[in-house]
Amino acid sequence: MQYILFTFIIIIAVIAIVIFKSVHLPGLVKKAEEYMDNGEYGKASEIVRKVLDKKRDYVPARFLKAKLLKQQTQYLMAISEFNGILSIPDYKKFVTDLDIHYNLAELYNSTNNWSKEIDEYKIILTFNPDDLNGNHRIGHAFYMRKNYKKAREYLLKAVTLDPGLSDCYRPLGISCYKTSDYEHAEEYLIKSMELPGDRSEIYFYLGSIFKMKKDYDNAAAMLEKARSNREYFTKSLYLLGNIFYEKGIFKTAIEYLEEGLNHLKEKSDEEYEYRYLLAECFELENRIKEAVYHWEKINAGNPNFRSTGLKLKSYKDIMRNTNLMTFFTSPLDDLQHIIVEVISGMNYNIVSKKKINPNEYQYKAYNIKRINDPPVLIQFSRTTKEITEGQIVEFQKEIAREKCKSGMYITTSRFSLKAKSSSANRMIELYDSDFVIRSLEKIKSRKGVINGI
């Protein structure tokens with residue numbers, strides 16, 4: 001009987017101890033949480049330490065300890081503690097996976113460990129693909145790593161879930177721009193302009209988008225603002241030069257490009273891009289020596305940059321021929337009397353002419369020896385580039401539109417093999433730079449001195 005009574009007492013005592021611990025430990029953790037909330041981290045930590053001395057893997061205490069370390073900016077220790085909780089078999093009875101992984105993601109962000117932060121948010125999104133915070137933060141993390149494709153994917157999801165996430169507008173707009181989604185890029189960059197802060201980056205990308213849309217006035221206005229920021233100074237000036245190049249205002253383009261060129265690192269790709277566009281502007285302004293100067297600078301640093309070598313060779317050949325040089329040092333408008341004489345020397349009488357651009361004219365003419373024949377369309381192209389098959393095809397279409405029977409293509413350059421083959425089937429006669437040089441020599445020998453040369 002005494003034995004039974006003793007056993008019963010022991011059982012009661014054990015139950016009492018278990019009940020005491022089950023009530024006492026959570027009570028202690030709750031008290032520690034109160035201290036932490038009040039900023040009394042020392043008192044909170046002391047309680048947690050005592051709890052863990054009694055029960056080393058008591059998850060609520062471990063979790064609170066990790067949060068205390070995080071609050072006290074002991075990030076690496078906090079990371080270790082949160083990861084330690086994940087190794088405890090029954091941790092899910094006390095905390096959720098999301099609670100732990102959210103904390104780890106924030107800690108990895110605080111320690112600039114972007115890859116680990118992304119890994120944590122990937123885990124979070126496996127539990128809930130529509131988790132707003134997960135999409136929001138992982139999008140920002142990818143943006144900081146310049147992974148614009150992934151940043152666009154997650155940030156777009158985040159703003160779809162919550163359109164009021166204004167801190168997504170700028171990175172989302174730039175990510176969309178970098179991934180060629182210009183429609184969304186424009187939308188979110190414009191939205192980001194309503195937010196405080198430096199807008200230079202926004203101006204630059206919006207200016208770039210407007211330029212692509214050929215909205216040159218708005219593009220120029222944006223880029224003029226962007227250039228005030230040192231980071232976007234030379235990039236903005238290059239695009240401004242490009243805008244005026246495309247508009248055919250070459251003098252203004254040259255001014256912008258020369259200003260930017262002085263601030264560039266020598267023998268860089270950016271310098272070569274600048275010089276190449278500058279050379280093309282000078283070429284179209286008939287300032288051949290300046291154009292050649294910039295092509296030579298490019299060729300000295302990077303002979304394989306674009307078509308610089310071919311350009312340089314073509315223009316050096318031109319500069320060695322005084323007759324051909326005439327066509328590259330004067331506006332084509334001022335050389336009409338010479339071109340008319342070249343065409344007349346082929347027994348054609350010009351009845352109309354049309355300016356296509358500063359380097360191309362079209363003439364409608366009749367053969368003076370075959371007056372009853374339909375008119376011929378004549379294309380004169382001043383260029384150093386080889387005439388392609390595509391240009392011959394387009395000229396054939398123009399011949400049909402002008403209701404001409406045949407055509408003649410005269411150029412200061414050469415024709416590609418495909419262009420020659422294509423012209424034979426389209427009743428188009430080809431005359432290259434050799435013909436132009438011979439014609440000028442005949443005119444010069446006949447007149448002594450060509451007026452205007």
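A: Burial is judged by relative accessible area: buried means under 20%, exposed over 50%, and partly exposed in between, with a 1.4 Å probe and protein chains only. Asp-215 is partly exposed, because its relative accessible area is 27%. Asp-215 sits in the loop between helix H11 (200-212) and helix H12 (216-226). Helices (H or I, at least four residues) and strands (E, at least two) are DSSP runs, numbered from the N terminus.

Q: On what kind of model do these values rest?

A: This is a predicted model, in which local features need pLDDT of at least 70 and side-chain atom pairs count only at pLDDT 80 or more, while totals for chains, interfaces and linings use all residues. Residues are numbered from 1 along each chain as its sequence is written, and side-chain values use heavy atoms, with hydrogens and water left out.

Q: How many helices and strands does the chain have, and what radius of gyration does the chain have?

A: The chain has 22 helices and five strands. The radius of gyration is taken over C-alpha atoms, and the globule rule is 2.2 Å times the number of residues to the power 0.38. For a compact globule of 453 residues the radius would be near 22 Å, whereas this chain has 38 Å. The C-alpha atoms fill a box of roughly 145 × 45 × 40 Å along the principal axes. Of the 453 residues, 46% are buried.

Q: How is the span of a helix checked, and what is the case for helix H8?

A: The expected span is 1.5 Å times one less than the number of residues. Helix H8 (residues 148-161) has 14 residues and should therefore span 20 Å; its end C-alpha atoms are 20 Å apart, which agrees.

Q: Which residues of H8 are buried, and against which helices do they pack?

A: An α-helix has 3.6 residues a turn, so residues three or four places apart point the same way. In H8 the buried residues are Tyr-148, Ala-151, Tyr-154, Leu-155, Leu-156, Ala-158 and Val-159. These buried residues pack against helix H6 (114-127), helix H7 (132-144), helix H9 (169-178) and helix H10 (182-192).

Q: What value does phi of Thr-73 take, and where is Thr-73 found?

A: Most residues other than glycine have a negative phi, and most peptide bonds are trans. Phi of Thr-73 is near 60°, a positive value, and Thr-73 lies in the loop between H3 and helix H4 (75-86). Ser-180, in the loop between H9 and H10, also has a positive phi, near 65°.

Q: Is Asn-103 buried or exposed, and which residues does Asn-103 touch?

A: Contact means heavy atoms within 4.5 Å. Asn-103 belongs to helix H5 (residues 97-110) and counts as buried because its relative accessibility is 12%. Leaving out residues up to four places away in sequence, Asn-103 touches Phe-63, Lys-70 and Phe-82. Phe-63 is itself among the buried residues of H3.

Q: Where is Pro-375 found, and with which residues is Pro-375 in contact?

A: Pro-375 is in the loop between strand S2 (360-367) and strand S3 (376-381). At 11% relative accessibility, Pro-375 counts as buried. Beyond neighbours within four places in sequence, its contacts are Lys-364, Ala-365, Tyr-366, Lys-403, Cys-404, Lys-405 and Ser-406. Pro-375 and Arg-170 are 205 residues apart in sequence, and their C-alpha atoms are 59 Å apart in space.
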